[in-house]
Every structure is written in C-alpha cells, then in structure tokens.
Amino acid sequence: MTLVQLEYIVAVDTYKSFVKAAESCFVTQPTLSMQIQKLEELLNVKIFDRSKQPISATAIGAQLIKQARVVLQESEKMRELIANTQNTLYGELRLGIIPTIAPYLLPELIAAMRQQFPELQLSIWEYTTDDIVEHLHTGTIDCGLLATPLSHPNLKEIPLYYEPFVAYVSERSTLYNHEKIKASDLDQEVLWLLTEGHCMRSQVLHICGAKQGHNASSLQYQTGSVETLIRMVDVNGGATLLPLLALDSLSPVQLQKAKHFPQPEPVREISLVTSQNFVKERMLAALQECIKCILPDSLHGNKKKSIVRI
C-alpha cells in the first residue's frame, strides 16, 4: 500500500469519476485504475462500485477512504515538520475565495505573495460559500477566504477584518443627495441583488429587512458579479449594496452614488477558513500576513461592529 494509491482513491471519491480523478492527479486514467485495482486486490475488497454513475464508494470503501484522508493529512504534517527545520516555505497552498472578495483583494495579494514567498505555489479558485465548504470537507482546497461566521463544527475560522457595507443608489433616486442613509430608506428602491447561492445576497436582504420579492419588477435578473450590479444601477436606476473595498474601483462620478450607513454600520466578517486538522500552518500564516499588509488603512483595527450573518 502506498501514499500514491491512497491519493488516487481519495481523488476518485472527490470527483466521482476515474477520468477526472486521473486529470487531477496528472496521470493517465489506465494508470490510476491499475493502481486502485492493485490496492483492492491487496486488501481483498472492492473500494468502488463501478456499476453506478457517478462512481460511488462501497460501504467498506467509504471507511477506507475516510481513513486514507487522515493518513494523507498526517503525511503532510511530516513534510511541514521538515520545512520548519529548514526554515523554508515551499509547496502548494490551495485557496478558495468568494467572488465578492476576489476582484478587490486578489491582484495585490498575488503580487505580494510572489514577491515575499517566490517558492510557494498559490492555486486559487473562485467559488460560492457552499462550494468552498464542500471543497474544504473533501480536502480539494486547503483554505477559504470568505464571509463568516459559518458555524460548521469541523471548520476553523480565523477572522481577518470587518468590512462595512455601503449603499449604491442611482442619481435619479431621492436618496442621491443624502450624505448618509438608513437601511429602511431603501424600502422604496428597486434593489439589485446577486443570484441565489451568494452569501452577500442574503446579507443584503438581511440588512434591508427585505424578502426575496423586495420591490420586484417585471424583470428578474440573476448575476454573480458586483460590477454588474453597479452597472445596473447606473443604467436602470434603483439601488444595491456594495462591500467597502468595491469603492476603490469606482470613478469619481460613481463615488457620489455611494452612501454610508450611520453607526453602528453593518459589516461582514471576512475570515480564512480551514478544516480543523489543517497542517500547513506556516503557509496560512504567510497568507494571513500578506492579506493584512494590503488592506487599506480604513480596515486596519476595524473592530467587530454589527456583523451581518449569512
């Protein structure tokens, strides 16, 4: 039995496909299948039920895969111990990030990580919160950067900063000339929202005390892009809510449409999230430090205020 064989069965369990598992492991499908068959012969059990589509583990196979994940995580600890003694930071850190953070943090974060830790490979995917949680549970990513709290017992949350929400209103709105507005002021506005599955959608609805059909018009539009919401308000009127970091991408004319809330302003908690048995602690610390270094001064020392739950 080898670690490679364990990696292969975990990959098949994750992707529910021998072809996709082989691609993720950078081997041919026959090679992966042969190694899994050898492991089954060695253990004298069938790990996967190949008659089902998608591929699924047998009862005993599910138990073996669960243990294989533990073994692979423990082997990663050994690599981390060696890296600690050599005072080096190399290897791969796999990060999932939600789309309402990625455009405003990633460009500077990638540049900072490349400059400070050139031997560290950072692999990044944009996912919704639910997808990040699923990938953390299956081990296909190491950590997530997303809005919290999640309250998942098997996940560890490391709060990084608290980001205020800002209203963005059309110049045709009666709120346009207000310096600050209250959430209740948005009751009469058409509210542009992200599509279902994005945590910021539920946060916005929570702030506005709105339901899914809030001021519904004849048009139902679904988007996963904050930039599209901004454009919708610019062209079609109405309002939306933006995270504070999104203001950096606005023009001077657009900034006139951004309206802050009075204190205590609603904020979202942004955290790094890992599984409880996460082992790449030095990589995570490096990522955490780089994120804090690129945050604007307005978010440094930003204390917990009125956190909007997901």
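Modeller: Helix axes are lines fitted to C-alpha atoms, and the angle between two of them runs from 0 to 180 degrees between N-to-C directions. This is a predicted model.

Biologist: At what angle do α5 and α10 pack, and how far apart are their axes?

Modeller: In this structure, α5 and helix α10, residues 281–294, pack at about 125 degrees, and their axes are 9 Å apart. The two helices are therefore oblique to each other. The crossing of α5 over α10 is right-handed.

Biologist: Which residues of α5 and α10 meet?

Modeller: From α5 come Leu105, Glu108, Leu109, Ala112, Met113 and Gln116; they meet Ala286, Leu287, Cys290, Ile291 and Ile294 of α10.

Biologist: How many disulfides does a search of the whole structure find?

Modeller: A disulfide requires two cysteine sulfur atoms within 2.5 Å. The search finds 0 disulfides. For Cys208, the nearest cysteine sulfur belongs to Cys199 and is 15 Å away. The sulfur of Cys290 has its closest cysteine sulfur in Cys293, at 6.2 Å, which is too far for a bond.

Biologist: Are Cys208 and Cys290 buried or exposed?

Modeller: A residue counts as buried under 20% relative accessible area. Cys208 is buried, at 7%, and Cys290 is buried as well, at 1%.

Biologist: Which residues of helix α8 are buried, and what covers them?

Modeller: Helix α8 spans residues 226–236, and its buried residues are Val226, Leu229, Ile230, Met232, Val233 and Asp234. Their cover includes α5, β6, α7, β7 and α9.

Biologist: What is found at the start of α8, and what follows α8?

Modeller: At the start, a side-chain oxygen of Ser225 lies within 3.2 Å of the backbone nitrogen of Glu227. After α8 comes Gly237, with a positive phi near 85 degrees.

Conventions:
Residues numbered from 1 in each chain as written. Predicted model: local features only at pLDDT ≥ 70, side-chain atom pairs only at ≥ 80, totals over all residues. Heavy atoms only, no water. Buried < 20%, exposed > 50% of the residue type's maximum accessible area, 1.4 Å probe, protein only. Helix = DSSP H or I, 4+ residues; strand = E, 2+ residues; numbered from the N terminus. Contact = heavy atoms within 4.5 Å. Polar contact = N/O pair within 3.5 Å; in protein donor to acceptor, adjacent residues only side chain to side chain. Parallel < 35°, antiparallel > 145°, perpendicular 65-115°, else oblique. Left-handed = near helix turned anticlockwise from the far one by under 90°.
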